[in-house]
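Trainee: Hi, could you walk me through this one? I'd like to go over the bonds, the core and a helix with you.

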Amino acid sequence: MLPIKRVLRPLAALLLAAAVATVPAATATASDAPTSGWNDYSCKPSAAHPRPVVLVHGTLGNSVDNWLSLAPYLEHRGYCVFSLDYGQLQGVPLFHGLGPIDKSAAQLSGFVDKVLAATGAGKADLVGHSQGGMMPRYYLKFLGGAAKVNALVGLAPDNHGATLSGLTNLLPYFPGAEDLISAATPGLADQIPGSAFLTKLNDGGDTVPGVHYTVIATKHDEVATPWRSQYLSGSDVHNVLLQDLCPLDLSEHVAIALLDRIAFHEVANALDPAHATATTCASVFS
């Protein structure tokens, strides 16, 4: 990616935060995506794929647009697939994941309960992008989710914060900026490295027993930076760098979840490790 694009993408996120600065945060309940071939509550998991897959969008994403490629990819492979909206701010449509992350995790908890009740499954698998790969860890660690989740797969998850290619390091030079972000878009403030939320989340270890963790990162990430900070430590963790699988993969933070079939193939491997096949550059055609 050209250097100017690497700068403009995180700046766009900060500009959105400023644009909604006058909008009060509101506690919202998780909502379903409009049915787009997934979120079919009549779907019953098969013997081959016995757990429903819940897709968790990233910051500024939503339950439809974030998953226009991955949801059909998994459906085609026989999974029951569901997605939710979380972290909405009152008066801000389409761009979600901006509310307090602990409250978003509670929304995820309720949504997983709904999916399990509808499908009759004992556990679900979670696949999340960016904040959506990190936020579920709060659900697993503090809200009883570990008993209801088999695996968490994170696509470019900001597990230890997002520096936006170093831009957050400039906040101390702008008095009041961090307070403004926290008041207007608490979900963004929670993702700043060193925040109270991240300190609590990662205190005592990154993982909880009984859950299989996979992190899929790209070295071209310009948001969850440095990209190695996405990795988790624990006894049941598989950290993957896309460029180790395919050196030609140029996906950055957004593309990894929107259209990267190499990443999708690795997601499928994480969901069904017993039938995993090697992920290579050729996986784009799988």
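Trainee: How many disulfides does a search of the whole structure find?
Mentor: Two, and keep in mind that this is a predicted model. Numbering the bonded cysteines in sequence order, the pairing is 1-2, 3-4.

Trainee: Which cysteine is joined to cysteine 43?
Mentor: Cysteine 80 is the partner, with an S to S distance of 2.0 Å. This pair links distant parts of the chain, 37 residues apart. Cysteine 43 sits in the loop between strand E1 (31-32) and E2, while cysteine 80 is in the loop between helix H2 (70-76) and E3.

Trainee: Is that disulfide left-handed or right-handed?
Mentor: The torsion about the S-S bond of cysteine 43 and cysteine 80 is about -80°, so the disulfide is left-handed.

Trainee: And what about cysteine 246 and cysteine 281?
Mentor: Those form a disulfide too, with their sulfur atoms 2.0 Å apart. Here the S-S torsion is about 100°, so this disulfide is right-handed. Cysteine 246 lies in the loop between helix H9 (242-245) and helix H10 (255-258), and cysteine 281 in the segment after H11.

Trainee: Is cysteine 281 buried or partly exposed?
Mentor: Cysteine 281 counts as partly exposed because its relative accessibility is 28%.

Trainee: Switching topic, which residues have the most contacts inside the largest nonpolar core?
Mentor: Val54, Leu108, Leu126, Tyr139 and Leu140, in a core of 31 residues. The largest share, seven residues, comes from H3.

Trainee: What does tyrosine 139 touch?
Mentor: Leaving out residues up to four places away in sequence, its contacts include Ala105, Leu108, Val112, Leu126 and Val149. Apart from this core lies another, of 26 residues, with Tyr73, Val153, Ile262 and Ala270 among them.

Trainee: Last one: where is the pLDDT below 50?
Mentor: The chain averages a pLDDT of 86, and 81% of the residues score at least 70. Over residues 1-29, though, the pLDDT is below 50. That stretch has 43 contacts in the model beyond near neighbours in sequence. Where pLDDT is low, predicted coordinates should not be read in detail.

Key. Residues are numbered from 1 along each chain as its sequence is written. This is a predicted model: local features need pLDDT of at least 70, side-chain atom pairs count only at pLDDT 80 or more; totals for chains, interfaces and linings use all residues. Side-chain values use heavy atoms; hydrogens and water are left out. pLDDT is the predictor's confidence in each residue, from 0 to 100. Contact means heavy atoms within 4.5 Å. A nonpolar core is a set of buried Ala, Val, Leu, Ile, Met, Phe, Trp, Tyr and Cys residues joined through side-chain atoms within 4.5 Å. Buried means under 20% relative accessible area, exposed over 50%, partly exposed in between (1.4 Å probe, protein chains only). Helices (H or I, at least four residues) and strands (E, at least two) are DSSP runs, numbered from the N terminus. A disulfide is a pair of cysteine sulfur atoms within 2.5 Å.
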